[in-house]
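Here is a short walk through one structure, with its aromatic rings as the guide. Keep the 3D view open and follow along.

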Amino acid sequence: MAVQPYDPENIFAKILRGEIPCTKVYEDDHVLAFNDIAPQAPTHILVIPKGAYTSYDDFALNASDAEIVAYTRAIGKIAKEAGVLEDGYRLIANTRDHGRQDVPHLHVHIIGGTKLGLMLPKA
């Protein structure tokens with residue numbers, strides 16, 4: 001499947017435009033990070049690029065080098081600031097239907113602050 005078209009009315013686009021509030025934990029020229037409104041662990045932060053990218057493959061193919069570097073470095077900074085480096089954390093980026101992506105804007109979940117269960121059930 002080709003990259004899905006970007007929907008400028010998705011919830012993260014509305015957050016970026018200031019139409020919907022968020023509890024911001026980090027922001028720079030290319031990245032916004034905020035606490036998830038339905039956290040699955042004590043630390044559950046969503047990290048989104050400010051550009052209109054639907055998924056990681058879209059981002060990798062179409063983002064500028066500056067956006068890619070800023071996004072990658074921001075994830076590391078945010079994990080450190082959230083205090084999850086020592087004990088560990090999980091990064092999740094769901095993509096399209098089979099990956100259970102709910103919002104068609106690239107986002108990574110930083111989840112930690114407790115021992116996490118298996119990512120997927122054993123086959």
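Start at Tyr56, which is partly exposed, with a relative accessible area of 34%. Partly exposed applies here because 34% falls between the 20% and 50% limits. Bear in mind that this is a predicted model.

Now look at Phe59. Its relative accessible area is 1%, so Phe59 is buried; the limit for buried is under 20%. Both residues belong to helix H2, which covers residues 56–62. Tyr56 and Phe59 are three residues apart there, so about one helical turn separates them.

Take Phe12 and Phe34. Their ring centres are 5.7 Å apart and the planes stand at 70°, so this pair is edge-to-face. Angles over 60 degrees count as edge-to-face. Phe12 sits in helix H1 (residues 11–16), while Phe34 sits in strand S2 (residues 31–35). The pair therefore ties together parts that are 22 residues apart in sequence. Phe12 and Phe34 are both buried.

Return to Tyr56 and Phe59. The ring centres of Tyr56 and Phe59 lie 6.0 Å apart, with planes at 90°, so that pair is edge-to-face.

Finally, step back to the chain. An unreviewed UniProt entry lists residues 11–120 as "domain: HIT". Over residues 11–120 the chain is 28% helix and 23% strand. The end C-alpha atoms of that stretch are 27 Å apart.

Key: Residues numbered from 1 in each chain as written. Predicted model: local features only at pLDDT ≥ 70, side-chain atom pairs only at ≥ 80, totals over all residues. Heavy atoms only, no water. Phe/Tyr/Trp six-rings, centres within 6.5 Å; stacked < 30°, edge-to-face > 60°. Helix = DSSP H or I, 4+ residues; strand = E, 2+ residues; numbered from the N terminus. Buried < 20%, exposed > 50% of the residue type's maximum accessible area, 1.4 Å probe, protein only. UniProt positions renumbered as here; feature names shortened; annotations may be inferred.
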